[in-house]
Every structure is written in C-alpha cells, then in structure tokens.
2 protein chains.
Amino acid sequence: MADPGTHAFLASLAGVKQEVDRRLEQFLDEKVQEASGLSASSAEMVEILKAFTLRSGKRFRAALARSGHACLAGGEPEAVWNVAMSMELVQSYLLIHDDVIDQDDTRRGGSTVHRTYETIHRERFSRRDPEHFGTSMAIMCGDLAGALALEVLNRAEIDPARRRDVLSAFSDMLFRVIHGESLDVLAESEETVTEEKLCRIYDLKVSAYTLEGPLHMGALLAGAGREDLERMTRYAGPLGQAFQIQDDILGLFGDEKKTGKPVGSDIQAGKRTFLVLKALEWGSPEDRTFLRGRLGTRRLDAGDLERIRTIVRNTGSLEHAVNLARGLGAQAREALAGCGWRPEGLRFLEGAVSFVQQREY
Amino acid sequence: MADPGTHAFLASLAGVKQEVDRRLEQFLDEKVQEASGLSASSAEMVEILKAFTLRSGKRFRAALARSGHACLAGGEPEAVWNVAMSMELVQSYLLIHDDVIDQDDTRRGGSTVHRTYETIHRERFSRRDPEHFGTSMAIMCGDLAGALALEVLNRAEIDPARRRDVLSAFSDMLFRVIHGESLDVLAESEETVTEEKLCRIYDLKVSAYTLEGPLHMGALLAGAGREDLERMTRYAGPLGQAFQIQDDILGLFGDEKKTGKPVGSDIQAGKRTFLVLKALEWGSPEDRTFLRGRLGTRRLDAGDLERIRTIVRNTGSLEHAVNLARGLGAQAREALAGCGWRPEGLRFLEGAVSFVQQREY
C-alpha cells in the first residue's frame, strides 16, 4: 500500500522514464547511423547496447539528476536531460561489465550482452571460443556505453563556469563506483566479510553512485554551492544503505513476480548480504553450518530456501535489518529538514525515502 | 641507421617521456592516497595501475598531443600535460582490457593486470576461481584507468570556449578506438578477412586513436581551426596505416631484442595481418594450406617460421608491404606541405614519418 508521497514519486519516475527513453532512443539511433559508416558489426554493437539500455530500467538515476536541478532552479534546461541520459548510459556500462563478472545469463528481462554475443558467435563463426568471444565483445560494448555517456554529457549546454564541476562530479562518481565494484568482487573471494566492508561497498555502489552522483550533477547544473552539495551527501549516505538493505530483504523475502529476480539468487551467487552476515553472527552452530553450506550453491530447493528464511527470521537478523533500514530512512529525511529547496525537487527526494521503505520491487 | 629527423624525433620523445612519467607518477600517487581512504585493496588497485602504466611505454601519444599544440602556439601551458597524461591513461585502459581479450600473460615487460590479480587470488583466497577473478579485477582496473584519464583531462585549465571541443575530441576518439578493437575481435573469429576490413581496423586503432586523437586534442587547446584539424587528419590517416604495416613486418622479420615481442607471435595468435593476407592471396595452393594451418598454432618451431617468412617474401607480399608503407609515409609527409605550422611541432610530425619508415622496434 503506497502512501501519497510514494505515489507522487512513482508518477514522477514514470514521467522521467518516458522522456529519457525517448531521448536515449534518438541519441542511440544517431550513433547506430554513425557506426554503420564504420561497419555493419559496429552498428550492430550500438543496436545491442540500445536494446539493452531501453528494454527496462526504472530511470531512478535520471530522475535524481533532474531533481537535483529542480531543488535549486526552476525551468528545465536541455542540459538536465543530457545528464539524465548520461546517468543511464553509465548504468548500462557498469551493468554490462558487472554481468560478465557475475557470469549472469539474464538482465532486465533479456539476455546479458556477453550471452547475446555468445549466441551470435555460435550462429556465425567457427573460429575461436564462443564464450570468450562473448566476454570480449561485452567488455567492448560496456566501454562503448561509457564513451557514449561522456559524449552525451559533453554535448550539454552548460554554463562554462560550471562545466568543469559537472564533469568532475562525473569522474569522481566513476572512481567511486568502480572501487565499489572491485571491493564487491574481492568480497566474494574472501573467506569472511566484515560489516564495515559491506557498508563501504553499499556506500560506494549505492550512496555515492546511484544517489549522490546524479543529484550532485543535476544540482551543479543549477549552480549548487557547497552547502547544498553537502546536504545532498548527508541525504544520499543513509538512504543508499537503506536501499541496499531493503534490496537484500527483497532478495530473500520478496515476490519474484514483482522484483523480477529469483528469490534466493543472492544466496546462490554466494553473496554475503547484510542479512546473511547477521544471521551468521547470531545463529546457532548448526544454523551457521547450514547457511555457510548453502552460500554459492547453484541449486537451492524450496526447503533450503525456507530454512534459510527461518534462520534469518529467528536469529533476529530480519528484524534488525528492517529496523536499521527504517532508522536510515529517517536519517535521510532528517537531512532534508530546513533545506529550503524548491518543492518540485524536494518532493521527489522525500518520495524516494518513502519508496525505499515501502518498496516491494 | 637513423637520419637526423629520426634522431630529433627520438630525443623529443625521450624528453616527453621523462616529463609525462614524472607527472603521471605524482597524479597516481595522489590517487593511491585517495583510494587508501576507501580500503587497502582500493589503494592496491591504483598501485597496480601505476606500475603497469609507468613500467614502460614510448609515450608517443603524449608527444603527439604536445606537438599538436606546438604546431599552433608557442609556450607550453600546463593543460598540454594534462592531455598528455590523459592519453597515456587511456592507453593503459585499452591495453588492460585488450590483454584480457587476447589472454596475454605479459605486457610492457611484466605481467598483464589480469595475470597479476590471478596471482593475488592464488596467494590469498580459496573461494572462487583465480582466473575469473583475474578477468573481473582487470575489467575494473581498466575502467578505473579510463575514469582517471577523464579526471586528469578535466582538471586541465582550458579556455572555457575550447573545453567542450577538447572533451568532444576525446569521446570521439574513444568511440572509434573501441569500435576498432571490436572489429579486431570479430576479425579473429571470422573465416576470412578482407583487405578493406583490415584497413578499417588500422584506421580506427592507429590513425584515429594513436595519431589523430592526441594531435587534435593538443591542437584544440591552442584553438585550432577546421583547416588545421583536417590537415592533421590527412597526415594521421596514411601514417597510421604505414605504422601498422611496419608493425606487421617487424612482427615477422624484426629483431625480438629490439621489438620486445616474440617473432611470429601474430601468427601464433592467428592474426591475419596485411602481410599474411597478401601471402594467402598470392601464394600457391600449398603455401596457402601451410599458412592457414599455422595461423593460431601456439607452438611454431624455427623451421615453420622460416618457411612462413619465405612464403611472405616469395609471394611478393613483403615487398608489396614495404612499398605500400613507403608510399603511405610519403602521403603523410605531403599532407604537411605548406601547412605553415610552427617548426617545433612540425619537426616532430616530420620526424614521426621518418621514424615509422625506419623503425626497428
């Protein structure tokens, strides 16, 4: 049951999605055209990127960029949409590489880019290995998305006095999310993961990247000062943690039909989420042995899943996570108190807190 | 035996190398510091990138960026060095990903980044697969190099009226080199490669990326107009082709001690170079069968290599390549005729032509 804040948030998100998708389609069609001047396979790569980018996606980052601007200035200059498009292309860039790293088959309700190229190889070629070909082409396709994210950002008409700051927020965001991803890869190989490290990963991958980066870039377009930027950071920090904890909860207790992601897939992938970490810490020796034994098991049956859920519930890990997410949400809301920002932007940020706390997908 | 032009060229290159390496070291040390605030492994990744970047490299791209500027303006603003550093970080970015794609063990006289991380995994971790870990971390380390290339470029003090053009040349260069790489990956899987496709790959990977991109960026710092940029394109086009053809020749007939790359490694990797393509076209049926059978063979003995060289010589493929490279070099030189550029920049561009035609490494 969504409250009015969440309702307005979702309506706003839907509006942004329509607009940014239309613009992304136009931009990527133009790049398909340009690439077709190089070769048919170059055009095909842009087509694959276009399909991957447009097939799905909430456009949360695009909407945050827009809100960051709307908090501080009226009107909607074209540059806001350039930043929004850039955020979504960066997201494609990271997801395409992330899918190679996680060896995932599907994403956004379709084949991952490396699997798409694997299939292309099987259909057309006989030399070399289809799987390695898929990996290689996906690395390049991700890199291409990154280059296009920069191109569309650089096309923006930005006050020359602010252009460098916007770009600098962009490269700073990349620096942090790439480190977040790397720490995530490392964590999967490490025997133990500490809560501190997990928080650091959430901070880099969600707070800094998903929330703060787009907000700052939008705000900088409107000439944000240091105080505004710092307040946005204080908002993004706890909200990102809450978002990720909620994500972990949904991954184990959510409705597959709503989340679009198989329940227990984090466990299957061997990810030590916050939920698992606390259950391991607080569980009985048998609980721990069972949980450890199931982490990274490709086949989890319904009984296994139910037992994992019971452990997470009985150890108090679930309740702890729910409370933590609630407290973090409150912190994010507090960061907005007395900001004096324009209602159009502010409402979206408030709605985002409600959404994170109530979301079922 | 190097002529005076080549001599001056090499001296200039050495000077640039010293300066750009010093600055890169300083910049990357600063980023190690920053990453150590995230985690020890984040700092380690920047250290690995730093070692990879500084351990070797001719700094040809950095020198071209500097010359692009020097052709049009006196003095040497700091921004020239930002562009130069950015070019070398982009090179690390592409090489790190390229090494994953080519599954190479060594680069620049040391371990490739994915192999370095593979070793780290073996030494420290027991969960997951070392090889996939190496690939994953190298994808991230490459992405990091790309983000840092943008950061250092964006730090440059550039006339606000020119900033967007410089950045746009940067993203355009990325767009083209990534497509060049992808076509290269595709070519390795395709049964046949046409001369046209090979030229396209050389054009994107060498002419547009190695030569034109840095030249244009340097020139744009100095406020280059359309005519200057077009002339640089006319210079870069044929010189890039000549450079790559010369590279192919050295790969088969060069001195391993000078090139730093095992003779015949292209053949072993199954690459259809210009030299091989023509030998296949002009060779006898037996020559072709032999050559086709050796492409992509991991172990080539001295006898095989000698026979391949003989085929390439006897079919006239070698002579054709040498003549072609010479003609292309002449075209590049012609593009400079009557340009009216400042001698300091121009001399380097002329020297580059001599170098490409006489280079032994």
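This is a predicted model: local features need pLDDT of at least 70, side-chain atom pairs count only at pLDDT 80 or more; totals for chains, interfaces and linings use all residues.

User: How many disulfides does a search of the whole structure find?

Analyst: Zero, over all chains.

User: Why is B:Cys71 called buried?

Analyst: Buried means under 20% relative accessible area. B:Cys71 has 2%, so it counts as buried. B:Cys141 has 0% and therefore counts as buried.

**Helix 14 of chain A**

User: How do you know what length to expect for helix 14 of chain A?

Analyst: The expected span is 1.5 Å times one less than the number of residues. Helix 14 covers residues 302-314, which is 13 residues, and the expected value is 18 Å. From first C-alpha to last, helix 14 reaches 18 Å, close to that expectation.

User: Which residues of helix 14 of chain A are buried, and why are they said to line one face?

Analyst: The buried residues are A:Asp304, A:Leu305, A:Ile308, A:Arg309, A:Ile311 and A:Val312. Seen down the axis of helix 14 of chain A, they fall within an arc of 160°, so they line one face of the helix. The face turned away from the buried side carries the exposed residues A:Ala302 and A:Asn314.

User: What covers the buried residues of helix 14 of chain A?

Analyst: The cover includes helix 9 (226-253), helix 11 (265-268), helix 12 (274-282), helix 13 (285-294) and helix 15 (317-336) of chain A.

User: What is found at the start of helix 14 of chain A, and what follows helix 14?

Analyst: At the start, a side-chain oxygen of A:Asp301 reaches to within 3.1 Å of the backbone nitrogen of A:Gly303. The cut-off for a polar contact is 3.5 Å. Helix 14 is followed by A:Gly316, with a positive phi near 85°.

**Helix 13 of chain A**

User: What makes the buried residues of helix 13 of chain A a face?

Analyst: In helix 13, A:Asp287, A:Phe290 and A:Leu291 are buried. They fall within an arc of 95° when seen down the axis of helix 13 of chain A, so they line one face. The face turned away from them carries the exposed residues A:Pro285, A:Thr289 and A:Arg292. Helix 12 and helix 14 of chain A are among the elements that cover the buried residues of helix 13. A:Gly296 follows helix 13, and its phi is positive, near 80°.

**Single residues**

User: Why is phi of A:Gln103 worth a remark?

Analyst: Most residues other than glycine have a negative phi. A:Gln103 is a residue other than glycine, yet its phi is positive, near 50°. A:Gln103 is found in the loop between helix 4 (78-102) and strand 1 (106-107) of chain A. In chain B, phi of B:Gln103 is also positive, near 50°.

User: Why are A:Gln103 and B:Gln103 called partly exposed?

Analyst: Partly exposed lies between the 20% limit for buried and the 50% limit for exposed. A:Gln103 has a relative accessible area of 42%, so it is partly exposed. B:Gln103, at 44%, is therefore partly exposed.

User: Is A:Gly260 buried or exposed?

Analyst: Exposed means over 50%. A:Gly260 has 67%, so it is exposed. A:Gly260 is found in the loop between helix 10 (256-259) and helix 11 of chain A.

User: How do you know whether B:Glu212 is buried or exposed?

Analyst: The limit for buried is under 20%. B:Glu212 has a relative accessible area of 9%, so it is buried. B:Glu212 has its place in helix 8 (residues 195-221) of chain B. Leaving aside neighbours within four places in sequence, B:Glu212 is in contact with B:Arg176, B:Ser207, B:Thr233 and B:Ala236.

Conventions:
Residues are numbered from 1 along each chain as its sequence is written. Chains are lettered from A and ligands numbered from 1 in the order in which they are written. Side-chain values use heavy atoms; hydrogens and water are left out. Helices (H or I, at least four residues) and strands (E, at least two) are DSSP runs, numbered from the N terminus. Buried means under 20% relative accessible area, exposed over 50%, partly exposed in between (1.4 Å probe, protein chains only). The arc is that of the directions from the helix axis to the C-beta atoms. Contact means heavy atoms within 4.5 Å. A polar contact is a pair of N or O atoms within 3.5 Å; within protein, one must be able to donate a hydrogen and the other to accept it, and residues adjacent in sequence count only if both atoms are side-chain atoms. A disulfide is a pair of cysteine sulfur atoms within 2.5 Å.
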